[in-house]
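Let's take a walk through a protein chain together.

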Amino acid sequence: MNELVSVIVPIYGVEDYLSKCVDSIINQAYKNLEIILVDDGGKDKCPEICDEYAGKDSRIKVIHKENGGLSDARNTGIDIAKGEYLVFIDSDDWVETTMVEHLLDACKKYNVKLAACGRYITDGTVINGTAYEGTEGVYSSEEALNEILSGKSLDVAAWDKIYVRELFDDIRYPVGENNEDIAVFYKIVDAAGKVAHCGTNEYYYRSRPGSITKLKYSIDARKVIEKNLNSIEAFIAEKYQGCGKAFNRYKAVNIYALLNKYIKCKGTGKAQEYEHLMAEFRKCRRDFFRDEQTPKKEKMIASLILLHLYDPYLRVKEKIKGYK
């Protein structure tokens, strides 16, 4: 087993975290790597850090480009990758030194084109939890989609996975959109046919202020998410009817997250956007409350939202605890 694996790292504004990420890749137990560092027009020291690493390790290729966003950076890496397999790692995260080896082993053992592992949730110092853990094994494409849509042992993220290169022959991430993984995950799973889980936690996801997932509420981002949900719904209805219940849960969770974020950012004034989100959440609230994966705290918050009590609750909490 000596296939070339291309590890693609989109990089922007992470000079405090980049070295830990790249070190974890350089030190992989599996050595036959092409390490592609895509500098997405960074204004900090990331371009210089990338070039320094390239001077130390001949496996590293650095691409300096104008800022185009995460999807554009990933696509740039895909376009130049020479490996038979692709791995994506976000530049503020890091991985176990065994991750590539274990993911590739799972592909070989189960004869699949896509394999995933579990992850640790961390602030960079303390591990705050784990996510998407699973027992070692293989899922059919329908089983994998059910796992993803149900929020169990797999999810939509590009990272913590390995892909046979050919899965991206006709797939690229949508440029200019946040939540870009939602737009392509179901296409990749469908093309893969089967998905393996290696049964171990290998990826360290850093949750930090200022990351893309912490951005303020955006109407444009909401429209993108709704567009993608509609596309997934149509795809499920056509090819994977057995995933219908799980999709309804997935849609409800996403609509709730948008509504919760909007209220935290904007309040509950009689704005058209608030009314739109409330109407959409009312349509799918039963699927939200029936979901076993949703924490009781979130269900309590959803109840307060539906009773128009969540905004006053946040205001009182802010005054008492300085909460924002």
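## A buried cysteine

C107 is buried, because its relative accessible area is 2%, and the cut-off for buried is under 20%. Keep in mind as you look around that this is a predicted model. You'll find C107 in helix α4, which covers residues 99-110.

Who are its neighbours? Leaving aside residues up to four places away in sequence, C107 touches Y85, V112, K113, L114, A115 and I162.

## A buried lysine

Now hop over to strand β3 (residues 60-65), where K65 sits. Is K65 buried or exposed? K65 is buried, because its relative accessible area of 17% falls under the 20% cut-off.

Around K65 you'll see V38, D39, D40, G41, D72, A73 and T76, all of which K65 touches once residues up to four places away in sequence are set aside.

Time to zoom out. Where they meet, 18 residues of domain 1 are in contact with 18 residues of domain 2.

## The nonpolar cores

The largest nonpolar core has 62 residues, and the members touching the most other members are F88, Y163, F168, Y173, F185 and I188. Which helix gives the most to this core? That's helix α8 (residues 244-266), with ten residues. The core also draws on both domains, with at least three residues from each of domain 1 and domain 2. Another core lies apart from it, made of 41 residues, including V14, C46, V112 and Y205.

Not counting residues up to four places away in sequence, Y173 touches S71, R74, N75, I78, F88, A158, Y163, F168, E180, D181, V184 and I188.

## Helix α5 and its partners

Helix α5 runs over residues 141-149, and its buried residues are S141, A144, L145, E147, I148 and L149. Those buried residues pack against quite a list: β8 (137-140), α6 (185-192), β10 (194-206), α7 (219-239) and α8. Just past the end of α5, look for G151, which takes a positive phi of about 70°.

How do α5 and α6 sit together? Their axes come within 9 Å and cross at roughly 155°. Anything over 145 degrees counts as roughly antiparallel, so α5 is roughly antiparallel to α6. The crossing is right-handed. On the α5 side the contact is made by S141, A144, L145, I148 and L149, and on the α6 side by F185, Y186 and V189.

## Helices α8 and α10

Back to α8, this time with helix α10 (residues 296-306) beside it: the two pack at an angle of about 65°, with their axes 11 Å apart. α8 and α10 are therefore roughly perpendicular to each other, and α8 passes α10 in a left-handed crossing.

At this meeting point, α8 brings Y256, L259, N260 and I263, while α10 brings E298, I301, A302 and I305. Why might contact residues on a helix be spaced like that? An α-helix has 3.6 residues a turn, so residues three or four places apart point the same way.

How values were computed: Residues are numbered from 1 along each chain as its sequence is written. This is a predicted model: local features need pLDDT of at least 70, side-chain atom pairs count only at pLDDT 80 or more; totals for chains, interfaces and linings use all residues. Side-chain values use heavy atoms; hydrogens and water are left out. A nonpolar core is a set of buried Ala, Val, Leu, Ile, Met, Phe, Trp, Tyr and Cys residues joined through side-chain atoms within 4.5 Å. Buried means under 20% relative accessible area, exposed over 50%, partly exposed in between (1.4 Å probe, protein chains only). Helices (H or I, at least four residues) and strands (E, at least two) are DSSP runs, numbered from the N terminus. Domain bounds come from an automatic or database domain assignment. Contact means heavy atoms within 4.5 Å. Axes are lines fitted to C-alpha atoms, for helices over the stretch in contact, and angles run from 0 to 180 degrees between N-to-C directions. Angles under 35 degrees count as roughly parallel, over 145 as roughly antiparallel, 65 to 115 as roughly perpendicular and the rest as oblique. A crossing is left-handed if the near helix is turned anticlockwise from the far one by less than a right angle, and right-handed if clockwise.
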